[in-house]
Amino acid sequence: MPDQTDVRVRHSAPLFSLTQAYLLPLVGNGFAIPPNATGYSYTDTFPNPTRVLPIKVYGLMPHMHTLGKRITIKGPDDTCLVDIPKWDFHWQQQYFRPQPFTVPAN
């Protein structure tokens, strides 16, 4: 019997205004655990990469493989955005905020 797949597409006006979204990786390039170190901690600060436009952030993706024990991410006003006190490799996923927060222009 020949393939009878049927696709119907309907086009209409959007129900909401469209906004571009980006996945913006922020990488701690200075991170290096010294040999034989225990209890090592690393902190980094990332400025708004556009420098001229505020950015609305809808979610975050913490990533540490198996080396990390805890991860905390704070917003520009010191608001806690993500806090995972007992890190697990399988928790490297997207964490969406109930409401977006805005990173102001520099």
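Trainee: Let's start with tyrosine 42. Where is tyrosine 42 found?
Mentor: Tyrosine 42 is in the segment before strand E1, the strand that covers 55-60. Keep in mind that this is a predicted model.

Trainee: And is tyrosine 42 buried, exposed or partly exposed?
Mentor: Partly exposed, because its relative accessibility is 31%, and the range for that class runs between 20% and 50%.

Trainee: OK, what about ring pairs? How many aromatic pairs does a search of the whole structure find?
Mentor: Two. One of them is phenylalanine 31 with tyrosine 40: the ring centres are 6.2 Å apart and the planes sit at 50°, so that pair is tilted. Phenylalanine 31 also forms an aromatic pair with tyrosine 42, and this one is edge-to-face, at 5.2 Å centre to centre with 70° between the planes.

Trainee: Why does 50° count as tilted?
Mentor: Because stacked needs planes under 30 degrees apart and edge-to-face needs over 60, and the rest are tilted. The 50° between phenylalanine 31 and tyrosine 40 falls in that remainder, so tilted it is.

Trainee: Which residues form the aromatic cluster, then?
Mentor: Phe31, Tyr40 and Tyr42 make up one cluster. Phenylalanine 31 is partly exposed at 39% relative accessibility, and tyrosine 40 is partly exposed too, with 36%.

Trainee: Which residues form the nonpolar patch on the surface?
Mentor: Phe31, Ile33, Tyr40, Tyr42 and Leu67. Together they have about 470 Å² of accessible area.

Trainee: Moving one along, what's up with threonine 43?
Mentor: Threonine 43 is in the segment before E1 as well. Its relative accessible area is 68%, so it counts as exposed.

Trainee: Switching to charges. How many salt bridges does the structure hold?
Mentor: Two. In one, the side chains of aspartate 6 and arginine 8 meet at 3.1 Å, N to O. Aspartate 6 is exposed, and arginine 8 is exposed too.

Trainee: And the other one?
Mentor: That salt bridge joins the side chains of aspartate 83 and arginine 70, at 2.8 Å, N to O. Aspartate 83 is in strand E3 (residues 80-84) and arginine 70 is in the loop between E1 and strand E2 (71-74), so the pair ties together parts that are 13 residues apart in sequence.

Trainee: How accessible are those partners?
Mentor: Aspartate 83 has a relative accessible area of 36%, so it is partly exposed. Arginine 70 is partly exposed as well, at 49%.

Trainee: How far apart are leucine 26 and serine 12 in space?
Mentor: They are 37 Å apart, C-alpha to C-alpha, while being 14 residues apart in sequence. Leucine 26 lies in the segment before E1 and is partly exposed, with a relative accessible area of 49%.

Trainee: Last topic, backbone angles. What is the phi of asparagine 36?
Mentor: Positive, about 65°, even though asparagine 36 is not a glycine. It's in the segment before E1 and exposed, with a relative accessible area of 79%.

Trainee: And what about histidine 65?
Mentor: Histidine 65 has a positive phi of about 55°, and it isn't a glycine either. You'll find histidine 65 in the loop between E1 and E2, where it is partly exposed at 45% relative accessible area.

Definitions and conventions. Residues are numbered from 1 along each chain as its sequence is written. This is a predicted model: local features need pLDDT of at least 70, side-chain atom pairs count only at pLDDT 80 or more; totals for chains, interfaces and linings use all residues. Side-chain values use heavy atoms; hydrogens and water are left out. Patches are made of residues with over 30% relative accessible area and no salt bridge: like charges are joined within 9 Å, nonpolar side chains (Val, Leu, Ile, Met, Phe, Trp, Tyr) within 5 Å. Accessible areas come from the Shrake-Rupley method with a 1.4 Å probe; for residues, only the protein chains shown count as cover. A salt bridge is a side-chain nitrogen of Lys or Arg within 4 Å of a carboxyl oxygen of Asp or Glu. Helices (H or I, at least four residues) and strands (E, at least two) are DSSP runs, numbered from the N terminus. Buried means under 20% relative accessible area, exposed over 50%, partly exposed in between (1.4 Å probe, protein chains only). Rings of Phe, Tyr and Trp (its six-membered ring) pair if their centres lie within 6.5 Å; planes under 30 degrees apart count as stacked, over 60 as edge-to-face and the rest as tilted.
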